Amino acid sequence: MAPTYNIAMVSDFFYPQPGGVESHIYQLSTKLMDRGHKVIIITHAYEGRTGVRYLTNGLKVYHVPFLVIFRSATFPTVFSFFPIFRNIVLRERIDIVHGHASLSNFCHEAILHARTMGLRTVFTDHSLFGFADAASILTNKLLKFTLSDVDHVICVSHTCKENTVLRASLDPLMVSVIPNAVVAENFKPLSPSENPSYPPPARPLGPHDIITIVVISRLFYNKGTDLLTAAIPRILENHPNTRFIIAGSGPKSIDLEQMIEQNVLQDRVEMLGPIRHEEVRDVMVRGHIYLHPSLTEAFGTVIVEAASCGLYVVCTQVGGIPEVLPSHMTVFAKPEEDDLITATGKAIAALRANKVRTELFHEQVKTMYSWENVAVRTERVYNGICGAISEGEFYGYYEGGNSNANSWSATRGRSGVQSFALIDRLKRYYGCGIWAGKLFCLCVIVDYLLFLFLELWFPREGIDVCPDWPRKKRKDSRE
Amino acid sequence: MPENDGLMRIFWPADLPRSDLRGVVVGWRNSALDVFVLAILEEVEPRNVDSALKLGTLTRNAPHPVSRIYELCGQSSLHILGLSNTSDDVQIDPSWIRATTGPSIRVPIITCARASNIQIILFERPLPGRMQYISLSPIALALGDKHETFRIGLSDGADEADEREERLKKVKKKKLVEKLKQHSVFKRTPSAKERALPKIVNQINWAWELEKLMQKNVSRIGTRPKRSLSVSERVVESATTMRDIVLVWLWNLVTVYVLPVIKRLFVMGLMAHRIAAEVLLTVLEWRARPKYAALKDISATAQQVEIRLQQFCYWPMQYVTLRLRKNDWESVTTSHPDYIRFYNSLWLVANDVIIGIALGSYIIDNSSWLAGEISHLLTQYTVEALQSSISWLMGWPAGLKLNSELALFLGDLFLWVIEYWSSCIETLRPVLPHMIWFIGFSSFAGASMPIALFSDLTSILTIHIYSFYLASARIYHWQLNILISLFHLFRGKKHNVLRNRIDSCDYDLDQLLVGTILFTLLFFLLPTVVVFYLNFAIARMVIISLKAVFDTMLSFLNHFPLFALMLRIKDPGRLPGGIRFELRDTQDFRHALNDTTKPIPSTSVIHLKSIPLSFKAMFHQYFQMGHRIRKHYLSPRVLLCLLTGKFVPPLDRRNLYSLQYSMLPARRAGIMEMWNAVSSLPSPKRRTAPVYIPALANGRRYPSNYGGGRSRSYG
Amino acid sequence: MLTTAPHLYLRRPSPTTAEFTVTTCPPLTIPLRICLLTISLLRAAIFAAAITTIYSRFFHEPSHPSPITSVPVADLLYQGDLLLLASHLLQALHSSPPGQFLASITQPLSNSGLAVIASVITYFSLFTQLHTTESLLVLRGLGIQTSTSSSSFSSPIPNTSDGSNRWRGWKWWFWGTTPTKTRFIPTEKIRDVLINEAFRGFEVRYYLIVIVEGEEDIVVVFPRLLPGRKIVEEVWRGVRGCLYEGDPNHQSLGGSWGQTGTIGRKDN
């Protein structure tokens, strides 16, 4: 019987705010609970949602009341989160702290504190970053700080892995790639029986049938909304029988609206505004093509969802997107206006010529992605860092083959698990940079002193231990 | 029986006379094992009591209809609940209780065949004659919140944002409460015993009067030896009767001939006043248009007059309601808050007049000195201080390098107006002593009148500051608006008025150039305008707070819960604020029963007590008003208004005085209504020679410590 | 030593009535009694010192010396002239050696500073509270009553010398109790009694709440002490068993897990 763990998922991003990271955490937690682990989620408080909450499947969410600064990321208060984090960890008897998203301060702080408290930590990176601009440099430094002392890192795509390894100067062996998944059942194409109000795509599409292009994304700069704003009038001009449906909200939505008004496209472009995650499928099945103009994307769950709904996908060739879907489902474009228009034109032509079998996409996607699979692979990571499976098996090398295990990894501890000794940790942080290293060491020392103080001030015995939600019987593992 | 878990609940009056005589326990049976003890009838046979209860003998000679008792206590008849101090071998009904009491036993010892455990709830009976009562919820000193709708109907503009926000919050909270309901795992249906509590509260309120009635009628039960009066007693009795007859005769003379005439005249006078009041009120409430302010919204004096008139219109109605109370049992508690409200307003008016007389005579005596002081203050603060501050602003104040030309222009403008205003005040000066004298004279109508007049006087005499504030605020606001739109131009955006959003816009080069130059110019002129604006805004705030002080004084004079406060100190029982229970120790109670042979069911003794109304609840209205004022003036919205130079709306008088309306009905009774009410007053009953029924004809007197040692008298 | 962690006393004269009392007051032993007495005396001394200082600084006129000692206190008491009595007492205190000493050491302080310090000391010596006691009374068929009281000098003292958890009598040493605040909720209005958890300061706490029908706010039981999970669970079980009539399946039903974070069984 494989061991089960008490896992705390920590991130700034969780429901009720919609998004890819949020649903990733939820799905992963659910599946891990199905496998007999205990999972709690720690996030910050949202408007009208503070305190402790149980979701229907017994997933416990701590909405910690903290100040929110920008796009629901919390203010970096390095140490103020520690007392409450320690309290939660102790009362829930957590073994593994799993942080998500590199933009989340919560996650970085939690990993630091967890290491101080002697817990295993895992970090999942969901996004790509540049190396040049000031914000990226800062974030990268922060990431380097956190990831200097983490047991394992998970990335959602190979591009993402490369990016993370470079940004945080990690040992590539420490980084696993576990892609996102979709719940394919929630993204079925329109069956003829349901809802005849949307005309089901009459196949084969004639040259005068209307083709609907769907865009669902938050309307931010990095999602390529400017590209979209520029491209839509030209696409509509080139292809008379096309329509756009745009869902999502954000600062760039005004630009889109203005574009519609200037070009008098009210009858051809429909803006739906913000929609809930449950409604995504209903919007998607109204269209034939999904357009994804993103400028940077680590994985792009939404294009998998679109493909699962039976949409032909047009997307920019950036980040991890090329890894996500097989080429017969997608048309790639360079992230520039002209190329995007050409690619869309190609897709429309292909659809009109009936070259694409979109009705088969759903079954294909279903076999490619499942959250159970993600959970199994994540569990293997947990086993690896806790020493439940041997180092060799975990890292894919054989002890017989390579005997000098000491030398092949400088950044990772010798036995495959990171040592908790303060001096070892300080060594790791010291290597971060000339000035940064010293600063980081100082932070860690303060954190450690704070930990000692908390142990004195709020003794462990004084903290009530939570009763566990009845654990599910572990399903037979498919390892 | 679903609820029969062997728990018996007994309500027992703690001040019931304790004696060790045999007796029959009579009371209400709310459900099988839930009984309410009213009285112990001593030395009677249960059989006779039963028949007496059936025939209604025990409630004979009641002063008011008996059916009302049953209606309010929620039971159709009285029951025998058990026996007290019987020997064990007497066979009784299994649902009856056996109670053991005695002068030395503080808590009755009770057994019942069907109960496995017992709750004895002891309570002190409230005295209906003193208007004491208990209730589950705190007594409402304010009239019901019908003025809520009244307020919403009138609210406009200023507070709409606040109120909308509040409403939204309420809706959200309601939603949460609904959600909370879904979380209850399982819903119990309350048993009869649990639902009986409101009924029991009524029964407690009735307990005293009913017991008195029954004890009075005990003599009628069964055949009992009658004792004739002794000779001396007869002599005394005939003497008292003689005296009574003479008194009654005199009284009749007065009531038949003198009283009706006086009454008639009084009612006529009242009606005449009422008609005059109606005319005045119509003037005060007249609005040119529904949205416009009426006289009473603008002037504190008008408001004060209106309140007094409203009170005057309401008093007769209140009095009539209170008179009707006399025709009912004393235990009916519904009109007690009315009583408190009525006397509270009477007291306040009386107080007001008393303070007013003192204040008025002082003002009249010192009117010339006061007039001198006031005119001195006026010139010093509203003219000279303003002038000096403006000249200070004109010459680079506090090292701020303002634009001299603009500052000079603005300063000269304001100085010129002040000059003109001060000459106006000069002409006013000779009239001032007369005005003061008039104010002093008005204070014989209550101290609130001069305060209101002073408040109005302040607003009239500082009207120039108000207009300065308006003018400077307008200038500042315009400038700020222009700056903002030019800043948008500078960024290549513009404000889309139709959609109420910021659009991006392509400007021409010359547009951009001119816009930017104008922006710079205006930006550098801004500080000059700001200091002038701030100066007048501060002056305006000072005046507003001065008026707030006056308003607070007024609200204290008009609506201080004086009577309630006195009642709270004198007799807290009249102001119930809920009930509480106290678990008593059963130990000594067990020990009191010396023989341990008898098996006693496990018993808990609980005392039920009435909580007097908290002082906080009494001043609830004030807290609410304070909260409203705080929210109006200390909100970020007002700060924003101040910063952007928008007009800070003063708090609507209607809002401020919602407190006042909580004491008055939202709609006053019409003239005809009042006429009907006054003329329908029941004529006082002819007082007949009181016929005394000997309390207990069998010669048994109450023990001297009757009523548990508490002295009782109707107050 | 003077206070303990909140602990629970149970008084249950019959199965249908129970009172759960949580208090910070430890069981009274002789040393503790002496200690408490000393503390109250100390408080009285501090109070007297503060009052004397204020008096000597602001009200005492040095012009007329104290002929006061000759005035018999009993006479003043008899006449009911309490004001005069108080002023005489203060004068006597002021002229006594400790009073003089106090006046001399407070000399360097400014008037306003002294006033502030002395009034703060007066306030604390009068109103600080040593123990807090909160209780929950459950009456089947009637309802639930919560009450909170805290005492400044000494608290209602549980006498557990006979080994049983019985609460024998309330003993008030002095007047130093804040009035007990009670709140009664009829059974009819109780929608549910459950244990919730929430953030409070730097920790997550369990607390017992009563949801009242038709009210927007829930009622927190033991709002000031907020005892730990063990006590809260025990009380919760007790309330469940005591409040609702008869059949035992209420208990198991109520104990099932809900979305609200109701805690039912211990982990099995």
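The structure is a predicted model, for which the scores are an ipTM of 0.74 and a pTM of 0.77.

In chain A, the domain assignment gives domain 1, made up of residues 6-181 together with 371-462, and domain 2, which covers residues 184-368. The contact between these domains draws on 13 residues from domain 1 of chain A and on 9 residues from domain 2 of chain A. On the side of domain 1 of chain A that touches domain 2 of chain A, the helices α1 (20-34) and α5 (158-168) of chain A each provide at least two residues, and the largest share, 3 residues, is that of α5(A). By residue class, this side of domain 1 of chain A consists of 5 nonpolar and 8 polar residues, with no charged residues.

For chain C, the average pLDDT is 72, and 72% of the residues reach a score of at least 70. Among the stretches of chain C where pLDDT stays under 50 are residues 152-178, for which the model has 48 contacts beyond four places in sequence, and residues 247-268, for which the model has 35 such contacts beyond four places in sequence.

Technical notes: Residues are numbered from 1 along each chain as its sequence is written. Chains are lettered from A and ligands numbered from 1 in the order in which they are written. This is a predicted model: local features need pLDDT of at least 70, side-chain atom pairs count only at pLDDT 80 or more; totals for chains, interfaces and linings use all residues. Domain bounds come from an automatic or database domain assignment. Two residues are in contact if their C-beta atoms, placed from the backbone, lie within 7 Å. Helices (H or I, at least four residues) and strands (E, at least two) are DSSP runs, numbered from the N terminus. Ala, Val, Leu, Ile, Met, Phe, Trp, Tyr, Cys and Pro count as nonpolar, Asp, Glu, Lys and Arg as charged, and the others, Gly among them, as polar. pLDDT is the predictor's confidence in each residue, from 0 to 100.
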